[in-house]
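Please read the following briefing alongside the sequence and the coordinates. The overall numbers come before the individual residues.

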Amino acid sequence: MSKDKSYYFCGIGGSGMLPLAMIVREKGADVAGSDRALDQGRLATKFEWLKNKGVGLFAQDGSGLTSGDQILIASAAIEDSVPDVAKANSLGCARMTRAQLLAEQFNASPRSIAIGGTSGKSTVTGMIGWILTEAGLDPTIMNGAVMKNFVADDAPFASSRVGDGNIMVSEVDESDGSIALFDPEIAVLNNVSLDHKSLEELRQLFGDFAGKAKHCIWNRDDAETVALVADLDLKHAISFGFSEGADFRATDIDEAPVSSRFTLSANGDDYPVTMQVPGRHNVANALAAIAAASAVGVSVAKSVAAIAQFNGLARRFDVVGAANDISVIDDFGHNPDKIAATLQTMKAFPGRIIAFFQPHGFGPIQKMGAELAQVFADMLDGDDRVILCDPVYFGGTVDRTIGSEFITDAVNAAGGMARHIAGRAECGDHIVHIAKPGDRIVIMGARDDTLSIFASDILAKLAVNQ
């Protein structure tokens, strides 16, 4: 357990590090850390909040590590030459990855729900966490995104929650293989598709994940998941989806720009469901969440009532606002499936789309650049626009020979209208210049919290132009 231990998080402001740091802090551990964004003077509000929560913050120069009793939490990919790592090594500090510490907390919980899959993990985690909270189970929740239902004056960055109940809910990550560390009572498998690893690797990871759980909640509409489950001997499996035969099935789907309704068929009964989040992908997410909640004894009726009050997550089709009849949406979309789901939701309604995308690294372009380009080419048409800046780059030795131009060139070759502008600020100026009433602007990308600020800045500039 974390009590009476001292953890030092290298990159404490990150979307995966911060919620875990707060979980172990609230369980009684001493927590400190460093972050490159702190050194660069970015995200000041977040770091001020962390300080007010009793978290020690230091420059990322090794100065915050002073004792061999501290445990360094750092990515396995961080080189030994990084000052924090070098100092920890010189002091003899134990070292854990974020996933190892999370798995330690998760596997110690008497009851547990792990949410895996290429897309939708954070949303399903938030939905399950909210349902269990409303049902009085007081869960501990570990998420990679801010859950709007739990945001409060003293919790503006509510991507985690520590409860007094005996159950923990967490999204788990396949990108680094760490999903294998988790031993869930209930495993939710949303989907299996190309992202950080090859499909062969993903099939092995997700198959092991689903097979070890007491209950597996799986997606009947996802061909890869169906094939994977067919080869497993699952004792207590519950399927969800739109397809005939799904144990938790959605029909009569009615989509609106920022909400949705459907009929849920489960256990021989039908339930009308309303949601404050849009898109068929969120209907599927709700099915997964309600099915998982049922596996821990929450009635379908209670889950349906709770899901009607679920407000969504920050940066998941997050409507920033509108000015001059131009809407701005902030979204985490960064792989083909996530981007396709966002654009499909937008294309269900009229209005030109201006899609801005900041790739979350050079490596992802090499791995799935062709698939990303194909999604933009397939989903956008007419006068829609695609604009890319250079990928996120935080230093290191990554191969940077293939950049954003690869995607824009491929989109244009397929008949789309894409443009690469290296600087993000210049992209914003261009978007404001070309935007006209009736447009929808969507800001997409991952691993960079300042994208939300970028989206807000665009909205502010549009308002000035009214």
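The accessible surface of the protein comes to about 18,400 Å², and 49% of that surface belongs to carbon and sulfur atoms; accessible areas come from the Shrake-Rupley method with a 1.4 Å probe, and for residues only the protein chains shown count as cover. This is a predicted model, in which local features need pLDDT of at least 70 and side-chain atom pairs count only at pLDDT 80 or more, while totals for chains, interfaces and linings use all residues. Residues are numbered from 1 along each chain as its sequence is written, and side-chain values use heavy atoms, with hydrogens and water left out.

**Overall form**

- The secondary structure comes to 15 helices and 21 strands; helices (H or I, at least four residues) and strands (E, at least two) are DSSP runs, numbered from the N terminus.
- The radius of gyration is 22 Å, close to the 23 Å that the globule rule gives for 466 residues, so the protein is as compact as a globular protein of that length. The radius is taken over C-alpha atoms, and the rule is 2.2 Å times the number of residues to the power 0.38.
- The C-alpha trace spans about 60 × 55 × 45 Å along its principal axes.
- Of the 466 residues, 55% are buried; buried means under 20% relative accessible area, exposed over 50%, and partly exposed in between (1.4 Å probe, protein chains only).
- Among contacts with a separation of 6 or more, 68% are between residues 24 or more positions apart. Contact means heavy atoms within 4.5 Å.

**Aromatic pairs**

- The structure holds 7 aromatic pairs. Rings of Phe, Tyr and Trp (its six-membered ring) pair if their centres lie within 6.5 Å; planes under 30 degrees apart count as stacked, over 60 as edge-to-face and the rest as tilted.
- One of them joins phenylalanine 357 and phenylalanine 376, with ring centres 5.8 Å apart and planes at 50 degrees, so the pair is tilted.
- This pair links distant parts of the chain, 19 residues apart: phenylalanine 357 is in strand S18 (residues 353-358) and phenylalanine 376 in helix H12 (residues 362-379). Phenylalanine 357 and phenylalanine 376 are both buried.
- Phenylalanine 362 and tyrosine 393 have ring centres 6.2 Å apart and planes at 80 degrees, so their pair is edge-to-face.
- Phenylalanine 362 lies in helix H12, and tyrosine 393 in the loop between strand S19 (385-388) and helix H13 (405-413), so the pair ties together parts that are 31 residues apart in sequence.
- Phenylalanine 362 is buried at 10% relative accessible area, whereas tyrosine 393 is partly exposed at 33%.

**Charges over rings**

- The charged end of arginine 400 sits over the ring of tyrosine 393, 4.2 Å from its centre. The criterion is that NZ of Lys or CZ of Arg is within 6 Å of the ring centre and within 35 degrees of the ring normal.
- Arginine 280 lies over the face of phenylalanine 242, at 4.3 Å from the ring centre.

**Helix H8 and its packing**

- Helix H8 (residues 223-230) has Thr225, Leu228 and Val229 as its buried residues.
- Seen down the axis of H8, these residues fall within an arc of 95 degrees, so they line one face of the helix. The arc is that of the directions from the helix axis to the C-beta atoms.
- An α-helix has 3.6 residues a turn, so residues three or four places apart point the same way.
- The exposed residues Ala223 and Ala230 are on the face of H8 turned away from its buried side.
- Strand S10 (186-189), helix H7 (199-212) and strand S11 (215-219) pack against the buried residues of H8.
- Threonine 225 is at 0% relative accessibility. Apart from neighbours within four places in sequence, threonine 225 is in contact with Leu189, Asn191, Val192, Trp218 and Asn219.

**Alanine 295**

- Alanine 295 lies in helix H9 (residues 280-295) and is buried at 15% relative accessibility.
- Neighbours within four places in sequence aside, the contacts of alanine 295 are Arg111, Ile186 and His215.
- Alanine 295 and cysteine 216 are 79 residues apart in sequence and 9.2 Å apart in space, C-alpha to C-alpha.

**Positive phi**

- Most residues other than glycine have a negative phi.
- Aspartate 138 has a positive phi, near 50 degrees; aspartate 138 is in the loop between helix H6 (121-134) and strand S7 (140-142) and is partly exposed at 24%.
- Phenylalanine 317 has a positive phi of about 45 degrees; phenylalanine 317 lies in the loop between helix H10 (300-307) and strand S16 (318-323) and is buried at 12%.
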